[in-house]
Amino acid sequence: MIEVVLNDRLGKKVRVKCNEDDTIGDLKKLVAAQTGTRADKIRIQKWYTVYKDHITLGDYEIHDGMGLELYYN
């Protein structure tokens, strides 16, 4: 179980607990449940790398306590 911190730079910072074998799509669903935003309107990225929905957190080397950027489409 890892904890990922997502910041939307608009004042909202979300902490989500998930597994390393979860996909980015699963992470989006967890974030959507906490923020009230639809999962298909969420974009997760780090710097200029936009993360794809079907790839796991472990493949992107996302570890415990890591911060990601949260954007709304």
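Predicted model: local features only at pLDDT ≥ 70, side-chain atom pairs only at ≥ 80, totals over all residues.
Residues are numbered from 1 along each chain as its sequence is written, and side-chain values use heavy atoms, with hydrogens and water left out.

**View 1. Lys28 and its surroundings.** Lys28 is buried, at a relative accessible area of 9% (buried means under 20% relative accessible area, exposed over 50%, partly exposed in between, with a 1.4 Å probe and protein chains only). Its side chain makes a polar contact of 2.8 Å with that of Asp53 (a pair of N or O atoms within 3.5 Å, one able to donate a hydrogen and the other to accept it; residues adjacent in sequence count only if both atoms are side-chain atoms). Skipping residues up to four places away in sequence, Lys28 touches Ala39, Ile42, Arg43, Ile44 and Asp53 (contact means heavy atoms within 4.5 Å).

**View 2. Helix 1, end to end.** Helices here are DSSP runs (H or I, at least four residues), as are strands (E, at least two), numbered from the N terminus. Helix 1 has 12 residues and reaches 16 Å from first C-alpha to last, close to the 16 Å expected at 1.5 Å a residue (that is, 1.5 Å times one less than the number of residues).

View 3. Ile24, Gly25, Leu27, Lys28, Val31, Ala32 and Thr35 are the buried ones in helix 1. They cover an arc of only 155 degrees around the axis, so they lie on the same side of helix 1 (the arc is taken from the directions from the helix axis to the C-beta atoms). Turned away from that buried side are the exposed Lys29 and Ala33. Strand 1, strand 2, strand 3 and strand 5 are among what covers the buried residues.

**View 4. The largest nonpolar core.** This core has 17 residues, and Leu6, Leu27, Ile44 and Leu68 have the most contacts inside it (a core is a set of buried Ala, Val, Leu, Ile, Met, Phe, Trp, Tyr and Cys residues joined through side-chain atoms within 4.5 Å). Two or more residues each come from strand 1 (2–7), strand 2 (13–18), helix 1 (24–35), strand 3 (42–46) and strand 5 (67–72). Helix 1 gives the largest share, four residues. Leaving aside neighbours within four places in sequence, Leu27 contacts Val16, Cys18, Ile44, Leu57 and Leu68.
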